[in-house]
Amino acid sequence: MQKKLILDSDLLDITISRLCQQLIERHGNFSETVIIGMQPRGIHLAEIIHARLQKDTKKEIPLGYLDATFYRDDFRRREIPAKANETRIDFIIEGKRVVLVDDVLFTGRTIRAAMDAMIAFGRPAKVELLVLIDRKYTRELPVAADYVGKAVNTLTSQRVLVELEAQGHKQNKIWLVN
Ligand code: 5GP
Ligand code: MG
């Protein structure tokens, strides 16, 4: 196994700060904005961003979690755990500006499924996507992120390893693994 460091903890911190600044530029006082983290791996990032935004804006911003497992078109084809993670959206998304948060964007199928899963909760005014790592040229659907931490050239066979302190790692680090 070969590991190449893509983002160290300092750079990741700067990256997350920039993402928060971009969100603040576009969402102003966040009065109509909600944040939804994708289960299972997007929720830590969503929590980090949510906490920073609340601190910087001194506003209460709704935060929810969405699991799109059963909405995937390849649900029966892949080795996806039959057990879903918790979906928790205990606020109204009808008419809101939703920011979906995930760690890595790859084929785009998770996000397509997230759109389906979200419909059950209402019709947002707008949905945006924030990802920490955008794996370039691997998309199988026309999905693009509005906010990108870092775009990385990857082979389909490679894997991005996201290590966050929030997940029990010693330091925040993002690796590309062969
Ligand atoms: P997609 O549905 O776009 O093919 O894949 C994105 C989803 O799978 C995300 O929820 C993400 O957590 C996970 N994923 C896909 N590729 C990677 C990767 O290289 N590293 C990590 N950590 N997650 C990935
Ligand atoms: Mg996805």
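The model is predicted: local features need pLDDT of at least 70, side-chain atom pairs count only at pLDDT 80 or more, and totals for chains, interfaces and linings use all residues. Residues are numbered from 1 along each chain as its sequence is written, chains are lettered from A and ligands numbered from 1 in written order, and side-chain values use heavy atoms, without hydrogens and water.

**Ligand 1**

- Ligand 1 has 14 residues around it, and D102, D103, T107, T110 and V160 come nearest. A residue is near a molecule if one of its heavy atoms lies within 4 Å of it.
- By class, this shell has 7 charged, 4 nonpolar and 3 polar residues. Here Asp, Glu, Lys and Arg count as charged; Ala, Val, Leu, Ile, Met, Phe, Trp, Tyr, Cys and Pro count as nonpolar; the others, Gly among them, count as polar.
- β4 (97–105), α3 (109–119) and β7 (159–163) each supply at least two shell residues. Helices (H or I, at least four residues) and strands (E, at least two) are DSSP runs, numbered from the N terminus.
- A polar side-chain atom of T107 lies 2.4 Å from an oxygen atom of ligand 1.
- A polar backbone atom of G108 is 2.7 Å from an oxygen atom of ligand 1.
- In the side chain of R135, an N or O atom is 3.0 Å from an oxygen atom of ligand 1.
- The protein covers 93% of the 500 Å² of accessible area that ligand 1 has on its own. Such areas come from the Shrake-Rupley method with a 1.4 Å probe.

**Strand β2**

- In β2 (residues 33–38), 6 of the 6 residues are buried, so the strand is largely enclosed by the rest of the structure. Buried means under 20% relative accessible area, exposed over 50%, and partly exposed in between (1.4 Å probe, protein chains only).
- T33, I35 and G37 are buried on one side, and V34, I36 and M38 on the other.
- β2 and β4 run parallel, joined by 5 bridges. G37 stands opposite V101 in β4.
- β2 and β3 (residues 63–66) also run parallel, joined by 4 bridges. I35 stands opposite L63 in β3.

**Backbone exceptions**

- Most residues other than glycine have a negative phi, and most peptide bonds are trans.
- A cis peptide bond joins Q39 and P40, with omega about -5°. P40 is in the loop between β2 and α2.
- F30 has a positive phi, near 60°. At 3% relative accessibility, F30 counts as buried.
- Y137 has a positive phi, near 60°. At 70% relative accessibility, Y137 counts as exposed.

Technical notes
Polar contact = N/O pair within 3.5 Å; in protein donor to acceptor, adjacent residues only side chain to side chain. Pairing = 2+ DSSP bridges.
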